[in-house]
Structures are given as C-alpha cells and as structure tokens.
Amino acid sequence: MDPIDKAIEEIESRGPGEEFSYRKIAKKYGVPDTTLRRIHQGKNVPMKEQQLQRRKLTPQQELELVSYIEKLTGRRLPPTREMLQNFALSIAKTNDEQPVGKS
C-alpha cells in the first residue's frame, strides 16, 4: 500500500468530529500535506486512478482483444492496425468517436 493510501486510511479511521492535522499525518507518512489534503477532500485523484480513467479498455476488454488477435494469427491472418483499432473501438463501447491509441 502506498504511503498516501495509508495516510488517507488513518484519516478515515477517525471518528466523526475527531480533530486531526493533515500536516502531522503527512509528515508521519512522508507525503506532501497539500496532496494529502486534496486527495482526502476529493479535489485530486491519485495517479493510478487517473491512469485507469484514461484507459479506453478495461482489463477484461483487453483480454478479449488479445483473444481476437490470437484467433486471427492462428488462422494465419495477421491483423492490421486498422482491424485492431476497429475491434477495440467496438468492444470499448465509447460514446466518443475518438480512435483508440496504438498501445
């Protein structure tokens, strides 16, 4: 568990109305107090969550894409980039018409 997660956990384990100091808890876990405050107050999202939110495909959808690639290559039909992007876009079920990226 990341130090920031531990610090958030400590804050949330306190009873309602129980006093605490972001600065003291941040110092205890070696994290910036402003970052801790923002994340706890919902103003800032941890980097891991940001990365997950930006992804077009869920891990399950990525497995479907890999399975599709394996089926095509098993038939000796190497998929083109356009085929993969079309399939990925169809399983992503996104409302926006932005194409999926190379990775």
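**Exercise 1.** Decide whether Tyr68 is buried, partly exposed or exposed in this predicted model, then describe the aromatic pair that Tyr68 forms with Phe87.

*Solution.* 
- Step 1: the relative accessible area of Tyr68 is 22%. Buried would need a value under 20%, so Tyr68 lands in the partly exposed class.
- Step 2: now the geometry. A ring pair is described by the distance of the centres and the angle of the planes. For Tyr68 and Phe87 these come out at 4.0 Å and 10°. Planes under 30 degrees apart count as stacked, so this pair is stacked.
- Step 3: Tyr68 belongs to helix α5 (residues 59–74) and Phe87 to helix α6 (residues 81–92), so the pair ties together parts that are 19 residues apart in sequence.

**Exercise 2.** The model has 2 aromatic pairs in total. Work out how the rings of Phe20 and Tyr22 are arranged, and how accessible each residue is.

*Solution.* 
- Step 1: the ring centres of Phe20 and Tyr22 are 5.0 Å apart, with 80° between the planes. An angle over 60 degrees counts as edge-to-face, so that's the label for this pair.
- Step 2: Phe20 has 30% relative accessibility, so it's partly exposed. Tyr22, at 13%, is buried.
- Step 3: look at who surrounds Tyr22. Leaving out residues up to four places away in sequence, Tyr22 touches Ile11, Asp33, Leu36, Arg37, His40 and Gln41.

**Exercise 3.** Which residues of helix α1 (residues 3–12) are buried, and how are they arranged around the axis?

*Solution.* 
- Step 1: the buried set in α1 is Ile4, Ala7, Ile8, Glu10 and Ile11.
- Step 2: these residues span an arc of only 160° around the axis, so they sit on the same side of α1.
- Step 3: what covers them? The cover includes α2 (22–29) and α3 (33–40).

**Exercise 4.** Find the largest nonpolar core and say which element gives the most to it.

*Solution.* 
- Step 1: the largest core holds 10 residues, among them Ile4, Tyr22, Ile25, Val31, Leu36 and Ile39.
- Step 2: α1, α2 and α3 are the elements that give two or more residues to this core.
- Step 3: α1 comes out on top, giving 4 residues, the most of any element.
- Step 4: A second, separate core has 5 residues, including Leu57, Leu65, Ala88 and Ile91.

Conventions
Residues numbered from 1 in each chain as written. Predicted model: local features only at pLDDT ≥ 70, side-chain atom pairs only at ≥ 80, totals over all residues. Heavy atoms only, no water. Phe/Tyr/Trp six-rings, centres within 6.5 Å; stacked < 30°, edge-to-face > 60°. Buried < 20%, exposed > 50% of the residue type's maximum accessible area, 1.4 Å probe, protein only. Arc of directions from axis to C-beta. Contact = heavy atoms within 4.5 Å. Core = buried A, V, L, I, M, F, W, Y, C linked by side-chain atoms within 4.5 Å.
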